[in-house]
Amino acid sequence: MQPVVYDLDGTLVSLPVDWGAARDDLAADLRGVGVDPGERDLWGLLELAETEGHRDRFEAVVGEHEREAAREAPALELVEELRAHPGPVGVCSLNSEAACRIALDRHGLDADAVVGRDSVGSYKPDPEPLLSTLSAMDVEGEAAVFVGDSERDRVTAERAGVPFRWVE
């Protein structure tokens, strides 16, 4: 059976994160260490935090919002596909690894590998997280499929040389 790697939010579960509140909390935190967040969106703040040497602050603030949401995240239809899949499965997400694991545990799901935004040195759409997921699964990229719900997921798969399937 073909190995499958799933994105998390919007694919397996729906994380009820208030992204606006996460952005505002992070902006306040960055202001507290002398960094002007300007009008950047959350992912712009991630880039700013990295540039300014405060990636750990991003992970602490935004990761907490994600972990809280993961504790109540409802399952989506593909959860049943993951449960029934006889081959290797992985999760590769732009969410924190801890939030991924909390959401998977909440629904009694097992994955052979879980890679989040904070698991490796880069994050989607860089191919490194997906390639790391496949490596942990001991699977070659072209043998697997990456299932996701966003253009970022599609681009990640393309850059990693992995076939992509949209969530239906």
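**Salt bridges, a pocket and a helix**

The structure holds 14 salt bridges. The model is a predicted one.

Visitor: Which residue forms a salt bridge with Lys-124?
Guide: Lys-124 sits in the loop between strand 3 and helix 6. Its partner lies in the loop between strand 1 and helix 1, so the pair ties together parts that are 117 residues apart in sequence. The closest N and O atoms are 2.9 Å apart, and the partner is Asp-7.

Visitor: Where do Arg-55 and Glu-59 lie?
Guide: Their side chains meet in a salt bridge, 2.9 Å from N to O. In an α-helix, residues three or four places apart point the same way. Arg-55 and Glu-59 are 4 residues apart, about one turn, and both lie in helix 3.

Visitor: Is Glu-59 buried or exposed?
Guide: The cut-off for buried is under 20%. Glu-59 has a relative accessible area of 14%, so Glu-59 is buried.

Visitor: Which residues are linked in a network of salt bridges?
Guide: Arg-117 and Glu-66 meet in a salt bridge of 2.9 Å, N to O. Arg-117 is in the loop between strand 3 and helix 6 and Glu-66 is in helix 3, so this pair ties together parts 51 residues apart in sequence. The network links Glu-50, Arg-55, Glu-59, Glu-66 and Arg-117.

Visitor: How many charged residues are in the lining of the largest pocket?
Guide: The pocket holds about 240 Å³ of space. Its lining includes Asp-7 and Lys-124, along with Trp-19 and Ser-93. The lining divides into 3 nonpolar residues, 3 polar ones and, for the charged group, 6.

Visitor: Within what arc do the buried residues of helix 6 fall?
Guide: In helix 6, the buried residues are Pro-129, Leu-130, Thr-133, Leu-134 and Met-137. They line one face of the helix, because seen down its axis they fall within an arc of 135 degrees.

Visitor: Which residues are exposed on the other side of helix 6?
Guide: The buried residues are covered by parts that include strand 1, strand 4 and helix 7. On the other side, the exposed residues are Ser-135 and Ala-136.

Note on methods: Residues numbered from 1 in each chain as written. Predicted model: local features only at pLDDT ≥ 70, side-chain atom pairs only at ≥ 80, totals over all residues. Heavy atoms only, no water. 1 Å grid on protein atoms, 1.4 Å probe; cavity = no way out; pocket = protein on both sides within 12 Å on 5 of 7 lines; lining within 4 Å. Points joined across faces, edges and corners; volume = space filled by probe spheres on them. Nonpolar A, V, L, I, M, F, W, Y, C, P; charged D, E, K, R; others polar. Buried < 20%, exposed > 50% of the residue type's maximum accessible area, 1.4 Å probe, protein only. Helix = DSSP H or I, 4+ residues; strand = E, 2+ residues; numbered from the N terminus. Arc of directions from axis to C-beta. Contact = heavy atoms within 4.5 Å. Salt bridge = Lys/Arg side-chain N within 4 Å of Asp/Glu carboxyl O.
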